[in-house]
Amino acid sequence: MDDTLHPRFSGNPPVVVEGLENKFGDFAVHEDLSLEVREGEILGVVGGSGTGKSVLMRSIIGLQIPSAGDISVFGRKITGIDPDQDLGVRCRWGVMFQGGALFSTLTVGENVEVPLKKFFPDIDDELRREIARYKVLLSGLPEDAIAKYPSELSGGMKKRAGLARALALDPELLFLDEPTAGLDPIGAAAFDSLTKELKETLGLTVFLITHDLDTLYEICDRVAVLADKQVVAVGTIPELIETGHPWILEYFNGPRGRAALSTHQRGEQG
Amino acid sequence: MDGAAQLSVTEDEAGRIALALEGPLLVSTVGPLDRELNALSQEITAIDLSGVEEIDTIGAWVMCRLAATHEAEITGASPRAKRLLDAVENAGSDAAMTPPRVPVWKRVPEALGELVFDMRAGIIGVVGFLGRVLIGFGSLLRHPGRFPVKAMVHQMELVGVSALPIIGLMSFLIGIVIAQQGAVQLEQFGAEALTVNLVGRITLRELGVLMTAIMVAGRSGSAFAAQIGTMKLTEEVDAMRTIGISPVEVLVIPRILAATFMMVLLGFYASVVAIIGGAVVGQFALGIPFFTFLERIQEVVPTYDLWVGLIKAPVFGLIIGLAGCYHGMRVSGNSEQVGLRTTMAVVSAIFAVIVLDAFFAVFFTEIGWG
């Protein structure tokens, strides 16, 4: 990554999680979990079902109040602040939820306008509409999707519209919750390359929860593995395999893992 | 992030305008700059971005648009700015943000026409559904071993037993209100003693069953629609069909039967509790002792009043169960439909119950049960 291209980088990690603990009743999802997201990387977060990937993301974006631990985003401590209050960093990140989470009474274009209206009311209506339009197109949706309501879109299009809204403010940090789940392989590959392209042009840092091994191989700079209530390892995929953790070995050396690896290698040679 | 971009305009000898920008071109500061740029009336030929240290896609978009409208040339862009300019260059669009609005004089007749067609489809649908239920019932009668006894008992508990407290409270209060308000009016004719007749006849004939039907429609009819609708959405109903289980037999018939049976019991229970409420008012406000009140009820209320209530109750129960299950089975597509169909189930059930109650009132008077 050419740092001179991105003057917005400050040199500090945008997300730092330390000693995080999340409990639901007596059941602990996370215990003493620590994680650092570096500037300008795509960090993939993997883990079996129920290991708390989404809970981790919700904790970082302030929707879930952890039982213990500290979370800082852009150097600002966000733990201990009421989720409905302005955290002061909301205009610097974008979040794409699994199903898109679009506002169902607004069209796709109006959905993208919402954060612009909220944070920068001094932008003229005309300019705001133009921005919303090109954000939608930039997310890979056709022009006629702008005036459509979420109920008229397919699952994949909803995800793209959700991405457009997440990108509305040109955030520095982008959270993606299973962006390729439920997409066909062609759509998933297109979404992957879109994520990578956006990251490179806009200088994004991406926190990406996924089950998709192809996504991990193709676009993630590092992968964090959630198991045993903690982040057991963070690194590139070869580094992860070297740790010899049984779950990681099963994950990457299973039939699907090997298939994704060979696709990736073929892609690199071609 | 602070400080807007500075704009400087220079004019060369040939009268061409060159624009130079300095400072950050970001979403947070672009609002005022955009207005300033729109206010420029001269023709611009060149835009110099060498003084721009920070830029995001929104800044790039504003520059791109400016360059396009004036056919100007962008110079001095940093590699990053160049990249962003390229990224947004082809993304322009003038598509509308909202679908075109249909004018009122077209929209209203259209909605009205759709309503009529929907009503026609609704009536055909309900009749068809009733037919399916009857066929399912017939096949259950031929194979009594398949009868979903457990599901029916469970539904009876939900519809009947769990509703006892709320229906009891409601009926008790209604009994009190009828007795108290009735006594005030009857007192003017010196006929306070007739309060007993009023309470006994009106609760057994009309209010006990009617109020119970409204309560059951709100409590259980909505639950039927929501439960079955959710099952339709999660493809549970389809899964049943593929295994060879009839959803009508397993889901619909137990609910309809439970509602039908329980309405009889709940209606009777509600009438009795309302009479007790009236008797309490008699004891404390009218000077009629509690047990005298109950004895008088036996004397002044003809037995057919009880039959009127008990004949109406299962019909109302059937309608409530049918409406709930029908709308539940009609759910398709998204979760919004569940809410919509639940509302429709309750509204149509209550509407049908009240209309039918009017017919019953006329009918029973005509046959001499007045």
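**Chain A, the sheet.** I started with chain A and found an open sheet of 6 strands, ordered β6-β7-β8-β3-β9-β10 with mixed pairing. Strands here are DSSP E runs of at least two residues, helices are H or I runs of at least four, both numbered from the N terminus, and two strands pair if DSSP finds at least two bridges between them.

This is a predicted model, where local features need pLDDT of at least 70, side-chain atom pairs count only at pLDDT 80 or more, and totals for chains, interfaces and linings use all residues. Residues are numbered from 1 along each chain as its sequence is written, while chains are lettered from A and ligands numbered from 1 in the order in which they are written.

I checked the edges next: β6 (93-96) and β10 (230-235) of chain A each have a single partner strand, so one side of each lacks a neighbour in the sheet.

I then looked at β9 (residues 222-227) of chain A, which pairs antiparallel with β10(A) over 5 bridges. Val223(A) sits opposite Gly235(A) of β10(A).

**Chain B, a helix pair.** I moved on to α6 (residues 164-187) and α7 (residues 195-233) of chain B, which pack at about 145 degrees with axes 10 Å apart. Axes are lines fitted to C-alpha atoms, for helices over the stretch in contact, and angles run from 0 to 180 degrees between N-to-C directions.

I listed who meets whom: Ile166(B), Met170(B) and Ile174(B) are among the α6(B) residues that meet α7(B), whose side includes Leu198(B), Ile202(B) and Met211(B). Contact means C-beta atoms, placed from the backbone, within 7 Å.

Key. Two residues are in contact if their C-beta atoms, placed from the backbone, lie within 7 Å.
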